[in-house]
Amino acid sequence: MSKVCILATNGFEQSELFKPKENLENAGIETEVVSIESGEIKAWDQDDWGKTIKVDKTLDEVKSCEGYDALMIPGGQINPDLLRADDRAVALVREFDMAGKPIAAICHAPWMLIEAGIVEGKTATCYKSIRTDLKNAGANVVDTECAQDGNLITSRNPDDIPAFSEALIARVKKKVTENA
């Protein structure tokens with residue numbers, strides 16, 4: 001069975017984790033929530049704290065991208081800002097990239113791609129307030145619901161979740177078929 005690593009910590013945008021996770025699982029793809037800390041992490045839901053979700057593994061327990069077919073990073077301002085300050089989280093993003101595995105980042109999550117140094121020369125999209133950051137990191141920034149370039153899949157905001165999920169599911173299923 002295919003498995004997607006969902007990298008998140010406190011302050012992830014609620015809809016950007018829960019809905020793609022549900023879409024992946026409905027497509028028969030297993031998910032694991034990986035975080036900086038163990039226990040539960042709390043969502044940000046538009047303008048206040050939201051639901052919690054159980055962490056399946058900590059970054060200390062996930063030593064590599066082995067065993068995962070793709071990486072998904074939900075947005076929200078807080079989540080990727082905390083993650084990009086964690087060397088283990090940034091190293092994991094780089095490892096997924098070096099392995100050529102799909103990396104899907106939505107909203108503010110492309111901050112993690114910038115921090116990992118993997119967007120230069122790539123076409124990507126993101127939340128409007130970080131477009132300059134993405135451009136300054138050398139990306140070709142587009143305003144579209146889902147941009148795909150190489151192994152990167154990016155989307156702008158919660159309205160793009162259907163296209164974001166569809167692209168990630170298609171990429172995971174294609175990768176599994178190629179490796180069969």
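Predicted model: local features only at pLDDT ≥ 70, side-chain atom pairs only at ≥ 80, totals over all residues.
Local features need pLDDT of at least 70 and side-chain atom pairs pLDDT 80 or more, while totals for chains, interfaces and linings use all residues. Residues are numbered from 1 along each chain as its sequence is written, and side-chain values use heavy atoms, with hydrogens and water left out.

Start inside. A nonpolar core is a set of buried Ala, Val, Leu, Ile, Met, Phe, Trp, Tyr and Cys residues joined through side-chain atoms within 4.5 Å. Buried means under 20% relative accessible area, exposed over 50%, and partly exposed in between (1.4 Å probe, protein chains only). The largest nonpolar core has 30 residues, and Leu7, Ile73, Val93 and Ile103 touch the most other members. Two or more residues each come from strand S1 (3–7), strand S7 (70–73), helix H3 (87–98), strand S8 (103–106) and helix H4 (110–115). Helices (H or I, at least four residues) and strands (E, at least two) are DSSP runs, numbered from the N terminus. H3 gives the most to this core, five residues.

Look at Val93. Not counting residues up to four places away in sequence, Val93 touches Leu7, Leu71, Ile73, Ile103, Met112, Leu113, Ala116 and Ile118. Contact here means heavy atoms within 4.5 Å. Another core, of 26 residues, lies apart from the largest one; among its members are Leu17, Leu24, Ala43 and Ile53.

Now the charges. A salt bridge is a side-chain nitrogen of Lys or Arg within 4 Å of a carboxyl oxygen of Asp or Glu. The count comes to 11 salt bridges. Lys3 pairs with Glu32 in one of them, with the closest N and O atoms 3.5 Å apart. Lys3 lies in strand S1 and Glu32 in strand S3 (residues 30–35), so the pair ties together parts 29 residues apart in sequence. Lys3 is buried at 18% relative accessible area, and Glu32 is buried at 10%.

Glu25 and Lys21 form a salt bridge too, at 2.6 Å. Both lie in helix H1 (residues 14–26), four residues apart, about one turn of the helix. Glu25 is partly exposed at 37%, whereas Lys21 is buried at 15%.

Asp143 bridges to Arg156 at 2.9 Å. Asp143 is exposed, at 52% relative accessibility. Salt bridges that share partners join Arg131, Asp143, Arg156 and Asp160 into one network.

Trp49, Ile78 and Leu82 make a nonpolar patch of about 260 Å². Ile78 is in helix H2 (residues 78–83).

Technical notes: Patch = residues over 30% accessible without salt bridge, like charges linked within 9 Å, V, L, I, M, F, W, Y side chains within 5 Å. Areas by Shrake-Rupley, 256 points an atom, 1.4 Å probe, with all protein chains shown as cover.
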